[in-house]
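Colleague: Please show me the model, and then we can go through how its parts meet.

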Amino acid sequence: MRYEAPTTVNAAVKLLAGKSGLAKVLAGGTDLLVQMKTERVEPDLVVDVKRIPGMRDITAKSGGFRVGAAVSSAELGEHKALKKAWPGVVEAANLIGSHQVQGRATIVGNLCNASPAADSVPALVAAGAVAVVAGPKGKRSVPVEKVATGPGKTSLKKGEFVEAILLPKRPPKSGDAYLRFIPRTEMDIAVVGVGVNLTLDAKGVCTAARVGLGAVAAQVLLVPEAAKALIGSKVDDAALDALAAACSAACRPIDDKRGTKEFRIKVAGVLARRAAAIALQRAKGK
Amino acid sequence: MTMSRVHVSTTVNGDAVEYLCEADETLLDVLRDRLGLTGAKEGCGTGDCGACSVTIDGRLVCSCLVLGAEAEGHKIGTVEGIANGDKLHPLQRKFLEHAALQCGICTPGFLVAAKALLDHNPNPTETEIRFGLAGNLCRCTGYDKIVRAVQAAAAEMRKG
Amino acid sequence: MPLDSNLDPATHKFNVVGTRPVRPDGIDKVTGRAKFGADAVAPGMLIGKVLRSPHAHAKIKSIDVSKAAKLPGVKAIVTRDDFKEREPSLRDVLWNVMARDKVFYDGHAVAAVAATSASVARKALKLIKVDYEILPHVTDVDEAMKPGAPLLHHDMITGGIDPAPKKASNVAYRHEFGHGDVEAGFKQADVIVERSFKTEATHQGYIEPHACLANVGPDGQGELWVCTQGHYMIRNVSAALLGMDVAKLRVTPSEIGGGFGGKTTVFIEPLALALSRKANRPVKMVMSREEVFRATGPTAASSMDIKIGVKKDGRITAGFADIRFTGGPFVGSLVDMGAMSAFAAYDLENCKAVGHDVVSNRPKLAAYRAPSAPMVAFGVESVLDELAKKIGMDPIDLRLKNAAKEGTKSSYGPKYNRIGLIECLQAAKKHPNYTAPLGPNQGRGMAAGFWFNFGGQTAVSLNVHIDGTVALTVGTVDIGGSRASMCLIAAEELGVPYEQVRTVTADTSSLGYNDITEGSRTTFSTGMATIEAARDCIGKLCGRAAKIWGIPPEAVVWEKGYAKPAGANAGNFEPLSLADIAKQAATTGGPIAGHSEINAEGAGVSFAVHLCDAEVDKETGRALVKRYTVIQDAGKAIHPSYVEGQYQGGAAQGIGWAINEGYIYGKDGRLQNPGFLDYRIPVCSDLPMIDTHIVEVPNPGHPYGVRGVGETSIVPPLAAVANAISAAASVRMTEIPMSPPVVLKAIESNGHKK
């Protein structure tokens with residue numbers, strides 16, 4: 001195995017596009033090193049992107065934020081402005097693993113690892129985040145819900161890697177929240193994850209919403225029917241019931257060692273209600 | 001598959017250190033097998049137990065999830081660097097006074113994690129301590145005396 | 001060695017016993033200096049790795065190591081051909097250490113290599129070709145008992161049944177314990193509850209994987225550094241398996257990163273020794289976490305039917321238990337201990353417990369802290385909880401009404417000596433946690449528990465050095481803080497400060513045989529031997545003083561650390577300290593030491609009562625323990641902080657077992673959760689503070705009244721938590737672990753409505 005630490009995006013792309021063997025991007029390493037240890041993945045080349053300028057930065061951009069690929073969850077949690085604008089995204093990133101894991105893990109890595117149960121992804125999907133992809137043919141933008149195509153699979157081509165995530169400008173009276181179900185209080189992979197993002201008008205009526213569901217299908221789902229249940233309502237009990245039903249209906253889960261189909265379908269609805277209630281309070285400024 | 005070795009210059013517990021390591025060696029492997037610093041332990045190798053906890057530039061991490069190569073130019077902190085010569089850190093003293101260790105295998109990880117917690121938040125509530133240390137598994141104590149030791153150390157450190 | 005007739009532990013003023021000094025191995029453990037199993041290195045050392053079966057049940061048709069042997073860097077390979085079946089009593093141990101004709105579980109060892117690096121060793125494993133014939137497998141205990149189940153051993157005829165069955169089955173043995181007439185007893189009952197329960201296997205979950213460093217020469221002399229609970233056991237068993245002379249193998253125990261019973265047998269040690277012998281170089285072997293879960297010794301999985309009848313006033317008229325355990329592919333699931341302990345807490349006229357020892361395709365079980373008792377207590381204490389509610393009686397009062405006491409004939413045979421169950425129940429009833437207000441969605445449960453505790457072979461040596469400091473050498477590994485307790489005991493007997501004694505656990509060449517550190521025996525047995533050695537030493541010190549003074553030895557007494565003349569008639573001499581006497585050792589007869597080599601008897605049983613408050617999220621089934629109290633009889637707490645530590649540690653393991661821990665097998669018979677991510681032990685944020693209350697009812701069999709405490713604390717939690725969850729969610733839980741899907745299902749089906 002070879003280790004390289006390029007100092008420009010172009011050098012990284014060239015290495016990743018190179019002919020020989022399996023090349024993997026190394027940012028936080030909290031997925032890659034586990035996969036290497038369990039021999040699920042045996043890379044021929046590891047490309048460490050942390051020494052490329054800009055990778056470790058959070059910058060304001062177009063009223064929103066640009067989060068570099070090597071920004072750790074911990075650093076995300078310490079960024080006051082980002083936390084204020086996107087508390088749901090930040091709390092999701094700060095649920096990945098332990099404090100130790102958050103000291104290295106990145107939301108870009110979380111996205112590109114393409115686990116259906118990734119914690120930050122439902123919140124990123126709900127936020128309408130966009131991935132900036134660098135590759136041999138230049139840069140392109142991809143909505144985050146289009147990055148994963150199945151467990152462990154992404155829509156990235158050879159030589160491409162995600163260099164940053166863009167979070168859009170936040171309209172006033174907006175709030176987002178992420179909740180997950182795990183059997184313990186920490187450390188577990190999400191059995192169900194729900195990200196809810198909504199915007200209210202001056203009268204408290206929901207004018208925009210996005211709902212992301214994790215761990216209930218082969219990839220994280222954007223659930224338009226769930227958003228429809230909220231839009232036009234004051235997010236009252238009836239709207240929350242409809243939201244819960246839409247989320248349960250959208251689930252296409254499996255039985256596995258972390259949960260049964262029935263359990264996931266039921267709990268998706270329960271969490272959607274609770275996450276929407278939190279997002280509502282945040283949108284109201286509480 | 002041939003390995004190519006990486007030459008690394010880094011700082012461990014304040015001392016300049018150089019080593020050669022395999023590209024796929026973890027920082028934990030390097031600390032234990034090349035630098036003789038066996039305080040960090042491998043409890044799982046997959047970031048689920050915290051027994052390998054160290055700090056990189058003051059940030060708490062699992063050394064089993066970091067390549068030895070990634071340490072280049074950074075400052076690594078391990079349990080061996082917590083005491084100041086023969087002066088134990090308040091956390092170390094309180095762990096002993098409060099019987100916060102039985103077998104002791106998780107203790108280095110807990111000390112590194114607790115120190116990082118208190119460096120960041122000198123006045124944590126019990127809940128903040130429990131969630132702050134959730135990445136460190138202990139099988140012997142049930143955590144009760146560990147939490148009390150951290151509370152006692154924090155109180156002493158706040159007095160200055 | 002019975003209770004000192006001069007000493008009433010309830011009123012005796014101990015000098016240092018009962019205090020809380022800092023442990024002697026403390027500084028090394030908080031600075032990272034302490035050396036555990038994987039921390040040793042040797043020049044020229046090789047790394048050993050094991051090839052393990054990916055099948056739950058298969059015949060091994062052939063093993064071809066030729067390609068692996070040619071890989072540069074590979075220095076030795078061992079397979080079944082390298083291990084002769086020498087010792088019939090160790091047949092199952094050998095078959096588990098390395099598979100012979102068949103592999104019996106996912107992870108069963110098939111071959112091992114030693115190479116110049118871990119990566120070469122891993123590559124070599126991939127080059128070993130094993131030809132398997134896959135067989136049908138069975139992992140569930142009830143399925144394994146059914147006629148037509150896949151058979152593990154074609155010659156297994158159930159023992160304990162007369163006449164013996166004619167056909168082979170997966171039932172190794174049938175045990176039965178009890179007395180009286182349960183049929184008649186049930187007829188007298190006003191209320192009967194009968195329920196079935198199931199528990200999945202769990203693992204001790206020690207944070208330190210098994211590790212050792214072996215160094216064997218062609219002359220048959222060997223050294224082994226290993227983390228273990230019993231270095232003498234490792235020596236004897238490994239020597240037998242390898243055909244080595246016992247005395248030629250010196251085993252040194254490292255500091256141990258947790259054992260809880262799981263490190264009381266051999267796994268990789270004979271493999272490391274065999275590889276080292278073949279390669280003539282040191283071989284280090286460290287298990288991965290995945291190997292620990294797949295291929296060491298978890299608990300049995302259980303299935304049981306419990307039936308108890310009571311009169312309206314709470315008196316139990318009969319108790320019956322049919323218990324089925326499976327602990328892997330060989331006999332020895334410890335269901336007999338389960339059957340013996342089922343009703344041990346109660347004074348019953350009619351009780352019967354039947355235990356079935358069933359084999360299946362799981363790893364071979366090892367002990368886990370009061371092995372067998374937690375599962376059976378889950379069943380019995382849940383049924384008693386249900387009965388208490390049915391007759392409208394406080395659950396502690398129901399236990400008090402039937403509690404075993406001194407003179408009670410136990411359910412497993414012997415009559416009890418002085419025991420402390422009633423004192424624990426009374427303390428529980430008075431405890432503020434029993435009447436603390438409950439919040440919404442919270443419920444309270446309690447349970448009682450019991451463990452036998454053991455004595456065993458023990459040897460210690462107590463040496464006095466020239467400056468009067470004392471070196472105590474013991475042969476039991478310190479897994480719970482016992483070195484501190486031994487220093488306290490020696491200091492107490494000698495009348496010197498705690499700091500004047502240093503306790504060291506020595507290697508197998510330094511002392512006579514010591515049984516494994518298990519069965520809660522260390523403070524009891526090594527403590528008893530330390531007392532005996534100290535008294536032996538005091539006799540010698542007095543003899544030396546007598547020589548120095550020129551008076552008869554009977555005229556010298558030992559008081560508060562000094563030899564003194566017995567009275568005015570003996571002479572007017574200044575008292576002599578340990579240092580004073582030791583300085584003159586060379587001229588008064590040589591080195592001064594006390595010894596003890598005993599088979600400690602008189603271990604006292606330990607009872608506990610646990611209180612648990614649980615909160616259940618009724619929409620998701622998730623349960624959290626909000627308050628937990630351990631009340632347990634320690635006889636005499638030598639070092640109270642470490643007694644509390646045992647209480648809290650056992651409770652935490654029991655809570656994990658109750659709620660989220662359990663082996664998950666796939667349809668292919670492979671273990672699906674061999675890691676700390678999906679084998680979910682409690683994390684710090686899962687638990688509240690664990691309150692403890694030490695009850696001291698002296699054990700008449702020990703000079704200070706000590707009872708073992710390490711194990712009983714894991715016995716009540718499964719039932720205490722189940723009773724709390726059952727109360728919080730208005731259901732009756734009968735399946736462990738009570739993970740969220742299980743609890744939610746019970747709530748939704750209003751399962752087992754009371």
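Colleague: How many residues of domain 2 of chain B are in contact with domain 1 of chain B?

Modeller: This is a predicted model, in which local features need pLDDT of at least 70 and side-chain atom pairs count only at pLDDT 80 or more, while totals for chains, interfaces and linings use all residues. Residues are numbered from 1 along each chain as its sequence is written, and chains are lettered from A and ligands numbered from 1 in the order in which they are written. Two residues are in contact if their C-beta atoms, placed from the backbone, lie within 7 Å. On that basis 15 residues of domain 1 of chain B meet domain 2 of chain B, and the number from domain 2 is 12.

Colleague: Which element gives the most to the side of domain 1 of chain B that touches domain 2 of chain B?

Modeller: Elements here are DSSP runs numbered from the N terminus: helices are H or I with at least four residues, strands are E with at least two. The element that gives the most supplies three residues, and it is strand 3 (residues 53-56) of chain B.

Colleague: How far apart do the C-alpha centres of the two domains of chain B lie?

Modeller: The bounds come from an automatic or database domain assignment. Domain 1 of chain B covers 5-81 and domain 2 covers 90-159. Their C-alpha centres are separated by 22 Å.

Colleague: Which helix of chain B gives the most to the side that touches chain C?

Modeller: The contact between these chains takes 43 residues from chain B and 41 residues from chain C. Helix 2 (90-97), helix 3 (107-120), helix 4 (126-132) and helix 5 (144-159) of chain B each supply at least two residues of that side. The most, four residues, comes from helix 2.

Colleague: What is the radius of gyration of chain C?

Modeller: Chain C has 20 helices and 27 strands. The radius is taken over C-alpha atoms, and the globule rule is 2.2 Å times the number of residues to the power 0.38. For 754 residues the rule gives 27 Å, and chain C is close to this, so it is as compact as a globular protein of that length, with a radius of gyration of 27 Å.

Colleague: What percentage of the residues in chain C is buried?

Modeller: A residue is buried if 20 or more other C-beta atoms lie within 10 Å of its own, exposed if 12 or fewer, and partly exposed in between, with C-beta atoms placed from the backbone. Of the 754 residues in chain C, the buried share is 61%.
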